[in-house]
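Here are some notes to read beside the structure, written for someone meeting a model of this kind for the first time.

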Amino acid sequence: MDIHIHAIHFETTEKLEKFIEKKVSKLGKFNEEIRKIEVSLKVVKPETAMNKEAALKVMLPGTELFAQEVCDTFEEAIDKTVDSLVRQATKHKEKAKNR
């Protein structure tokens, strides 16, 4: 499983990258077919609260799963998007099993 982290208009810290890799790698437990995960981080309107946006795109054979959140911190946004993708990956796996 490849994990690509894209920070738009800022530099990520090593600590943030390790956190993202740790959280995102957990998705592999819920669906073994995951080939690639793209993480996009962006600061929207830097002068306001709730300005950290995280978007995750998960590539599976024949489909893509996507989740996006805006929160106070990137860590919180990553947690919420991973939770959403866990549900999506589990649902996708169940549908594929029933076919």
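This is a predicted model: local features need pLDDT of at least 70, side-chain atom pairs count only at pLDDT 80 or more; totals for chains, interfaces and linings use all residues.

1. Helices and strands are named here from DSSP runs, helices having at least four residues and strands at least two, and they are numbered from the N terminus.

2. Is T12 buried or exposed? With a relative accessible area of 19%, T12 counts as buried, because the cut-off for that word is under 20%. The side chain of T12 is joined to that of E17 by a polar contact of 2.5 Å. Leaving aside residues up to four places away in sequence, T12 touches A7, E17 and L41.

3. The helix α1 has 12 residues, which at 1.5 Å a residue should span 16 Å, and the distance of 16 Å between its end C-alpha atoms agrees with this. Its buried residues are L16, I20 and V24, and they cover an arc of only 55 degrees around the axis, so they lie on the same side of α1. An α-helix has 3.6 residues a turn, so residues three or four places apart point the same way. The face of α1 turned away from this buried side carries the exposed residues E14, K15, K18 and K22. Among the elements that cover the buried residues of α1 are β1, α2, β2, β3 and α3.

4. Buried in α3 are F74, A77, I78, T81, V82, S84, L85, V86, A89 and H92. The cover over these residues includes α1, α2 (27-30), β2 (36-43), β3 (52-60) and β4 (63-71).

5. One of the buried residues of α3 deserves a separate look, namely A89. The relative accessible area of A89 is 1%, and A89 is therefore buried. Not counting residues up to four places away in sequence, A89 touches F30, N31 and L65. The C-alpha atoms of A89 and E32 are separated by 9.6 Å, although these two residues are 57 residues apart along the chain.

6. Which residues of the largest nonpolar core touch the most other members? They are V24, L27, V39, L41, V58 and I78, in a core of 22 residues. Two or more residues of this core come from each of α1, β2, β3, β4 and α3, and α3 gives the most, with 7 residues. In soluble globular proteins, nonpolar side chains tend to be buried together. For V39, the residues touched, not counting those up to four places away in sequence, are I3, H4, I5, H6, I20, V24, A55, L56 and I78.

7. The count of aromatic pairs comes to 1. The pair is formed by F10 and F74, and is stacked, with 5.2 Å from centre to centre and 10 degrees between the planes. It links distant parts of the chain, since F10 lies in the loop between β1 and α1 whereas F74 lies in helix α3, 64 residues apart. F10 is partly exposed because its relative accessible area is 21%, while F74, at 8%, counts as buried.

Key:
Residues are numbered from 1 along each chain as its sequence is written. Side-chain values use heavy atoms; hydrogens and water are left out. Buried means under 20% relative accessible area, exposed over 50%, partly exposed in between (1.4 Å probe, protein chains only). Contact means heavy atoms within 4.5 Å. A nonpolar core is a set of buried Ala, Val, Leu, Ile, Met, Phe, Trp, Tyr and Cys residues joined through side-chain atoms within 4.5 Å. Rings of Phe, Tyr and Trp (its six-membered ring) pair if their centres lie within 6.5 Å; planes under 30 degrees apart count as stacked, over 60 as edge-to-face and the rest as tilted. The expected span of a helix is 1.5 Å times one less than its number of residues. The arc is that of the directions from the helix axis to the C-beta atoms. A polar contact is a pair of N or O atoms within 3.5 Å; within protein, one must be able to donate a hydrogen and the other to accept it, and residues adjacent in sequence count only if both atoms are side-chain atoms.
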